[in-house]
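The sequence and the model come first.

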Amino acid sequence: MSDSLFQHPALFAVDPEMAAAIEAEEKRQEEHLELIASENHCPAAVLDAMGSVLTDKYAEGYPGNRHYAGCECVDVVERIAIARVKKLFNAEHANVQPHSGSQANMAVYNAVLQSGSRILSMAFAHGGHLTHGHSRNFSGQLYEVVSYGVNENGLIDYSKVHELACQHNPALIVAGASAYSRIIDFEAFRAIADEVGAYLMADIAHIAGLVAAGLHPSPVPHADFVTSTTHKTLRGPRGAFVLCRQEHAARLDSAVMPGIQGGPMMHVIAAKAVAFGLAMQPEFRAYQEHIVANARAMAREFQEKGLPVVSGGTDTHMFLLDLSETGYNGQQACDLLAEANITANRNAIPNDPRRPGEASGIRIGTPALTSRGLGQEEVRAVARHIVTILRSDDPVETARRIKPQVLDLCRQFPVRH
């Protein structure tokens with residue numbers, strides 16, 4: 001056991017195999033630059049809450065109405081989390097029990113839809129999430145899905161959304177995406193939903209931190225339901241929550257528990273509360289500003305070097321790099337970057353001619369880099385490294401040559417400094 005990273009000797013004494021696996025992941029995170037837009041490095045205080053004795057407590061139900069005794073302390077934990085997230089987003093009601101963004105979306109669907117109901121959502125191939133109606137996901141199997149996409153400029157065409165809504169009369173409209181880099185006009189979605197009598201659900205899993213910091217318009221005044229994860233830009237634990245208007249509170253809570261979940265993970269809810277508390281601090285807005293500034297700086301660097309960015313740039317924490325002219329598909333590019341300890345994920349671009357397992361782009365996000373402390377100068381250097389690798393006649397050798405520079409950046413900017 002090394003003494004540099006792993007700090008849990010009790011685990012090593014009981015299960016050295018697992019201790020070694022965790023230490024290996026700690027080392028990997030320290031020595032790789034993380035560009036996956038849906039990942040981040042949560043603060044040490046969040047990790048402390050996650051590893052607390054709260055994991056021992058079963059607490060089916062809600063504060064003040066549990067199915068088990070001995071919940072007086074965890075009731076306090078959950079009430080703190082609820083109060084903080086409601087204040088953070090100025091919401092009427094919050095449920096902090098969903099284990100993931102997928103389950104948060106499932107809960108909303110279960111609360112207001114019947115099997116076979118029609119939903120209107122962004123197409124997966126244009127940036128939507130699996131749970132927005134992909135044919136292999138529960139959402140595409142249980143509901144009738146009509147999809148909108150982006151135009152030739154990579155932007156949502158709200159007139160087309162309006163046209164589809166009027167034509168198909170959906171019961172629910174989903175506003176939100178997992179690979180869309182521009183501001184989403186939630187007010188426009190609300191107007192469309194009102195015209196056709198649909199519920200509006202906003203999925204802000206990726207942009208929640210930006211919304212909390214006031215750097216992206218909030219959907220809360222416009223949407224019936226708002227779902228989000230608690231990691232990504234919020235920099236909390238892996239988990240989720242749902243916000244809604246008070247009129248929908250009882251249906252939502254019932255849809256979560258007993259609808260799709262049993263006992264909530266109280267240690268995770270505590271960690272969510274810690275993250276919400278940190279997001280309420282003044283420095284959180286500065287952190288979010290740096291995330292966006294870094295994303296824009298990287299996008300500009302790629303464009304200046306001749307690699308196109310879908311929609312021409314970004315307003316958020318991420319963007320899609322179009323690799324069509326490089327000769328590589330997205331998976332090949334990610335494999336090459338991994339040789340230099342740069343981690344990214346393949347992603348389809350709009351109207352992608354390649355199959356999803358290859359894709360023609362990579363999705364790049366800056367939350368994790370920003371959490372480490374990298375600024376615009378450093379992220380532009382990372383972008384140049386990527387261009388150099390992808391334009392090289394011998395990309396593997398070039399990546400290995402660049403790797404020491406990446407490791408040097410990692411040493412300069414440790415994960416938790």
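## Salt bridges

Arg355 and Glu358 form a salt bridge, with 3.8 Å between the closest N and O atoms; the term requires a side-chain nitrogen of Lys or Arg within 4 Å of a carboxyl oxygen of Asp or Glu. Arg355 counts as exposed at 53% relative accessibility, whereas Glu358, at 25%, counts as partly exposed. Here buried stands for under 20% relative accessible area, exposed for over 50%, and partly exposed for values in between (1.4 Å probe, protein chains only).

In total, the structure holds 20 salt bridges. One of them links Glu25 to Arg28, with the closest N and O atoms 2.8 Å apart. These two residues are separated by about one helical turn, because they lie 3 residues apart in helix H2 (residues 16–31). Glu25 is partly exposed, at a relative accessible area of 32%, and Arg28 is partly exposed too, at 26%. Asp75 and Arg66 also meet in a salt bridge, at 2.7 Å from N to O, and both of these residues are buried.

## Basis of the model

The model is predicted: local features need pLDDT of at least 70 and side-chain atom pairs count only at pLDDT 80 or more, while totals for chains, interfaces and linings use all residues. Residues are numbered from 1 along each chain as its sequence is written, and side-chain values use heavy atoms, with hydrogens and water left out.

## Strand S11

In strand S11 (residues 318–322), 5 of the 5 residues are buried. Helices (H or I, at least four residues) and strands (E, at least two) are DSSP runs numbered from the N terminus. In a regular strand, side chains alternate between the two faces of the sheet. Met318, Leu320 and Asp322 lie on one side of S11, Phe319 and Leu321 on the other, and all are buried.

S11 pairs with strand S14 (residues 361–365) in the antiparallel sense over 5 bridges; pairing requires that DSSP finds at least two bridges between the strands. Met318 has Gly365 as its bridge partner in S14.

## Packing of H5 and H10

Helix H5 (residues 101–112) packs against helix H10 (residues 249–260) at an angle of about 115°, with the axes 8 Å apart. Axes are lines fitted to C-alpha atoms, for helices over the stretch in contact, and angles run from 0 to 180 degrees between N-to-C directions.
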